[in-house]
Amino acid sequence: MTVETFTGAEELHRPVGIFDAGIGSYDLVRRIRAAYPRQDVLYFADRASFPYGAKSEEALLASVGRAAEALESLGAGSIILASNAPSVTVLEPLRAEVRAPILGVVPPVRSALASLPDDSTLVVAGASVLVRSPALGRLIADAAGLEAHRVHAVAADGLIGLVESGAFLDLAKVERPIAAFITALRERHPRLRGLSLSSTHLPWLAPAIAPVAPDLTLFDPADEVVEEFAPLATPGSGRLVCIATASEEHPLEEFQSMLTRLRLDIAPALIEL
């Protein structure tokens, strides 16, 4: 894999490469940096392949494979695929293509059920492609066993769009759609007590979901990834370098605008794969 037009990772010490196709993965970048302050991070927004969630499994594996190989070629000592859909559907074949250890983000079904009342329901909210995936069904069946009837996968594309568009930065714009989403969930699942935010976008909405549904326990799949990363952590200088691909539909300026609106002092470098 040749990565053109970028030479800014030389000063990083075995960084962890964290990537997805949108802004969602920055929340995991933030979490890793907080837990491992000396860890160097190579944050990659693969905007040229946005959205991962709309691709077939074959196309998805090709996209995340290119991204992971690029990160490895730039010196990443480990990689986190910070996107739920490919983590559930193509993580194992991806690991076969890359030498660096790769962690994924998957719904914490087993631990979530263990913390909820025995007669309650857990909803796994994510992108439609994840919800429809046979791989998610297998994951739920394996993790929940005889309790699988308590777990329901629900598409949350509308909420994901609130984050990708930046609308979530204005609470007035997200309160109504979040309330409508929760109301619909309760009508379909009266025993709802837990909600897995199984898109890297959805944890951004947790502060807005909590007041609407104070009785629900929100589960962030990133929690388990932060813990799993411990044996892979490599102390460096704690630097963050951001890179991004772009397309005519999703230019670099669009991604930079998102970062600016989030008040993040990050200047992404454009790369070509």
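W204 is buried, with a relative accessible area of 18%, where buried means under 20% relative accessible area with a 1.4 Å probe and protein chains only. This is a predicted model, in which local features need pLDDT of at least 70, side-chain atom pairs count only at pLDDT 80 or more, and totals for chains, interfaces and linings use all residues. Residues are numbered from 1 along each chain as its sequence is written, and side-chain values use heavy atoms, with hydrogens and water left out.

**Y26 and W204**
- A search of the whole structure finds 6 aromatic pairs, a pair being rings of Phe, Tyr or Trp (its six-membered ring) with centres within 6.5 Å, called stacked if the planes are under 30 degrees apart, edge-to-face if over 60 and tilted otherwise.
- The ring centres of Y26 and W204 are 6.5 Å apart with planes at 20°, so this pair is stacked.
- Y26 belongs to helix α1 (residues 26-35) and W204 to the loop between β7 (192-197) and α10 (206-212), so the pair ties together parts 178 residues apart in sequence; helices (H or I, at least four residues) and strands (E, at least two) are DSSP runs numbered from the N terminus.
- Y26 also counts as buried, at 9% relative accessibility.

**Y36 and F229**
- The rings of Y36 and F229 have centres 5.2 Å apart and planes at 75°, so the pair is edge-to-face.
- Y36 is in the loop between α1 and β2 (41-46), and F229 is in the loop between α11 (222-228) and β9 (240-245), 193 residues apart.
- Y36 is buried at 16% relative accessible area, and F229 is buried at 0%.

**Cluster**
- One aromatic cluster is formed by Y26, Y43, F168, W204 and F255.

Note on methods
Buried < 20%, exposed > 50% of the residue type's maximum accessible area, 1.4 Å probe, protein only.
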